[in-house]
Amino acid sequence: MYKLICFFLAATLIFSCETEFDVNADWQEVTILYGLLDQNSEIQFIKINKAFLGRDDALVMASISDSSNFNPNNLLVKIYKLKQSNFGSFDTLEYRVLTDTVVIKDDGVFPTDNNIMYKFYSPGFLSANSTYSVTVENILTGNLVSANTELINGFSFETFNPSFDFGFYNEAIGYISKTLTWQKSTNGEIYQLDLIFNYTEDNDTTKYSATWSQPLVENSGGNLMNTQFDGESFFNFLETQIDVNENIIRRFVDLDIRMTVGTEDLQTYINVNQPYSSIVQERPSFSNINNGIGLFSARYTYLVSGIGLTNGTRSYIVNDLDLSFQ
C-alpha cells in the first residue's frame, strides 16, 4: 500500500510538471469608482480606475499609470440631478459632464505622475432634496457603470455658541471636559468630529494646525447624539502632535470645529473594511456600484472657525506644557 501511494504521488508530480496552467483568466473590463458628494464643497471629485491583471509582479504593474487608469478620451462621465416621480421612477432635472484632471498624491504603490480624477463644479447643482446618479460609459467598449446616492440634509449643533471660549482647564477645578450635542441629520448615520488647534511660530504669519480626531459616532436609533472632548486628553494631544523646540516662540491663534457626516452606505463600507481581529480572515465585500465595484455616496462637512480658549486653558498651555507657547 505504501509503495502504491508513493507511485500515485510521483505520477501526480510528473504530470503536474508537464502541464502548463494559465493562472490569468480572460480579460474582463472591471470599473472601480469612488466618490463622495458634499454640497458644502465647490468642486466634487470622483476617482475612476480599472482593475488590472497581468503576468508581471503586481507591485510593478500597479506603479504603471496605464495599468489602473482608463484613457480619459475613452470615457464619458456624467452626474445627473434627479427628482422622484410617480411609481418609483425618476425625472432628470439637469446634469453635468465631468472633466478629467491630474491630482498630486503622496508617494506609494500606485503611480504619482498621472493620478487621474474626474471633477465638476457643484454650486447651484447639489441640493439636499434630490437624488444624484453617476454614469461612466466606455465609448470604445460600450461598457456602462452607474450608481445613485442621496445627499445629507444639513447639520447643526444643538447648543453651541462659537463666540464662547472653550475651557479644558481651571485652576480651581482642574481638567474640564467639553461636550457637543447635535440632532441626527437626514440620511446621516456616522459622525466624525475634529478639533483643529491653530497656532503660529515666531513672527511668521503662517498658520500651523494640529487636528484632534474623535472616535466615529454611529447613530443607534435616537435623534440626539454627542461627543465629549476630555480635558486631560486635550493637553496630551498637544504634547504628542507638536514637537518640542526651544528655539522658537509659538502663539495660539484659535480653534476650528469640523464635523463630517456620512451616509449609511459610507458607514457600511467603513465597517466592512475595518481591520479584522478574528482568526477568520475572510471578510464580506460591499459595493453600491452597478456593473462595477467601489462606493458612490455622500458626506456633509460642517466647519466652525475662530473659537478661543479660556484664560485658564491658555495659561496651562504656556506654563505646564514644554511646547514654547507664549
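In the predicted model, the axes of helix α4 and helix α6 (residues 311–320) come within 12 Å and cross at roughly 40 degrees. The crossing of α4 past α6 is right-handed. On the α4 side, the contact is made by Phe-234, Phe-235 and Leu-238; on the α6 side, Thr-313, Tyr-316 and Ile-317 take part.

A pair of aromatic rings is described by the distance of the centres and the angle of the planes. With ring centres within 6.5 Å as the criterion, the count comes to 31 aromatic pairs. One of them joins Phe-168 and Phe-234, with 4.2 Å from centre to centre and 15 degrees between the planes. This pair is classed as stacked because planes under 30 degrees apart fall in that class. Phe-168 lies in the loop between β8 (144–150) and β9 (169–170), whereas Phe-234 lies in helix α4 (residues 231–241), so the pair ties together parts that are 66 residues apart in sequence. Phe-168 has a relative accessibility of 0% and therefore counts as buried. Phe-234 is likewise buried, at 0% relative accessibility.

A further pair is formed by Tyr-169 and Phe-235, whose ring centres are 6.5 Å apart. Their planes stand at 80 degrees, so this pair is edge-to-face. Tyr-169 belongs to strand β9 and Phe-235 to helix α4, and the pair links distant parts of the chain, 66 residues apart. The relative accessible area of Phe-235 is 2%, and this residue is therefore buried.

Elsewhere in the model, a charged side chain is placed over an aromatic ring. Lys-50 lies over the face of Phe-70, at 5.8 Å from the ring centre.

For the protein as a whole, six helices and 17 strands are present. Of the 326 residues, 39% are buried. Among contacts with a separation of 6 or more, 69% are between residues 24 or more positions apart. The accessible surface of the protein comes to about 19,300 Å², and carbon and sulfur atoms account for 49% of this area.

How values were computed
Residues numbered from 1 in each chain as written. Predicted model: local features only at pLDDT ≥ 70, side-chain atom pairs only at ≥ 80, totals over all residues. Heavy atoms only, no water. Phe/Tyr/Trp six-rings, centres within 6.5 Å; stacked < 30°, edge-to-face > 60°. Helix = DSSP H or I, 4+ residues; strand = E, 2+ residues; numbered from the N terminus. Buried < 20%, exposed > 50% of the residue type's maximum accessible area, 1.4 Å probe, protein only. Lys NZ or Arg CZ within 6 Å of the ring centre and 35° of its normal. Contact = heavy atoms within 4.5 Å. Areas by Shrake-Rupley, 256 points an atom, 1.4 Å probe, with all protein chains shown as cover. Axes fitted to C-alpha atoms, helices over the stretch in contact; angles between N-to-C directions. Left-handed = near helix turned anticlockwise from the far one by under 90°.
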